[in-house]
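Keep the 3D view open and check each answer as you go.

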Amino acid sequence: MQIEELIQNLHEQSITQIWRKAEVLYSAKENITSLLEYMIIVFYELLKKQNKVSYIKAVELTEEAKQRILANSNYDMSIDNLLLNLSETLRS
């Protein structure tokens, strides 16, 4: 799935490459809460396998983005912010 591929590449690619490949998130306004919840599940699965603290922070960032979107924040800006923060978190 595109989400899993996106998550796997977050720590390897530049933020501009990530934004280009994240079309699935930008075009999913109607289903974004489901996609973000799926991302949280993927991060939990990675946490179980690799036991990295950065995955806990990734879950928190994804949940914050979901709450911002539900509170009618700017959609594209919320996704941009999420991807930037996830990229920084997962690189460390």
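**Asking how we know**

Q: Which helix is Ser87 found in?
A: Ser87 sits in helix H6, residues 75-91. Bear in mind that this is a predicted model.

Q: What makes Ser87 count as buried or exposed?
A: Look at its relative accessible area, which is 3%. Buried means under 20%, so Ser87 is buried.

Q: Which residues does Ser87 touch, not counting residues up to four places away in sequence?
A: Ser87 touches Leu10, Gln13, Ile15 and Ile18.

Q: How do you know whether Val53 is buried or exposed?
A: Val53 lies in helix H5. Exposed means over 50%, and Val53 has 65% relative accessibility, so Val53 counts as exposed. Along with Leu70, Val53 is on the face of H5 turned away from the buried side.

Q: How far apart are Val53 and Thr89 in sequence and in space?
A: In sequence, they're 36 residues apart. In space, their C-alpha atoms are 9.6 Å apart.

Q: Why are H4 and H5 called roughly antiparallel?
A: Helix H4 (residues 32-50) and helix H5 (residues 53-70) pack at an angle of about 170°. Angles over 145 degrees count as roughly antiparallel, so that's the label for H4 and H5. Their axes are 9 Å apart.

Q: Which residues of H4 and H5 meet?
A: On the H4 side you'll find, among them, Leu36, Ile40, Phe43 and Leu47. On the H5 side, the residues include Tyr55, Val59, Thr62 and Ile69. The residues of this contact divide into 15 nonpolar, three polar and three charged.

Q: How do you know that the span of H5 agrees with its 18 residues?
A: At 1.5 Å a residue, H5 should span 26 Å. The C-alpha atoms at its ends are 26 Å apart, so the two agree.

Q: Why do we say the buried residues of H5 line one face of the helix?
A: The buried residues of H5 are Ser54, Tyr55, Ala58, Val59, Leu61, Thr62, Ala65, Lys66 and Ile69. Look down the axis of H5 and they fall within an arc of 165°, so they line one face.

Q: What do the buried residues of H5 pack against?
A: They pack against H4 and H6.

Q: Which residue follows H5 with a positive phi?
A: That's Asn72, whose phi is near 65°.

Key
Residues numbered from 1 in each chain as written. Predicted model: local features only at pLDDT ≥ 70, side-chain atom pairs only at ≥ 80, totals over all residues. Heavy atoms only, no water. Axes fitted to C-alpha atoms, helices over the stretch in contact; angles between N-to-C directions. Helix = DSSP H or I, 4+ residues; strand = E, 2+ residues; numbered from the N terminus. Parallel < 35°, antiparallel > 145°, perpendicular 65-115°, else oblique. Contact = heavy atoms within 4.5 Å. Nonpolar A, V, L, I, M, F, W, Y, C, P; charged D, E, K, R; others polar. Buried < 20%, exposed > 50% of the residue type's maximum accessible area, 1.4 Å probe, protein only. Expected span 1.5 Å × (residues − 1). Arc of directions from axis to C-beta.
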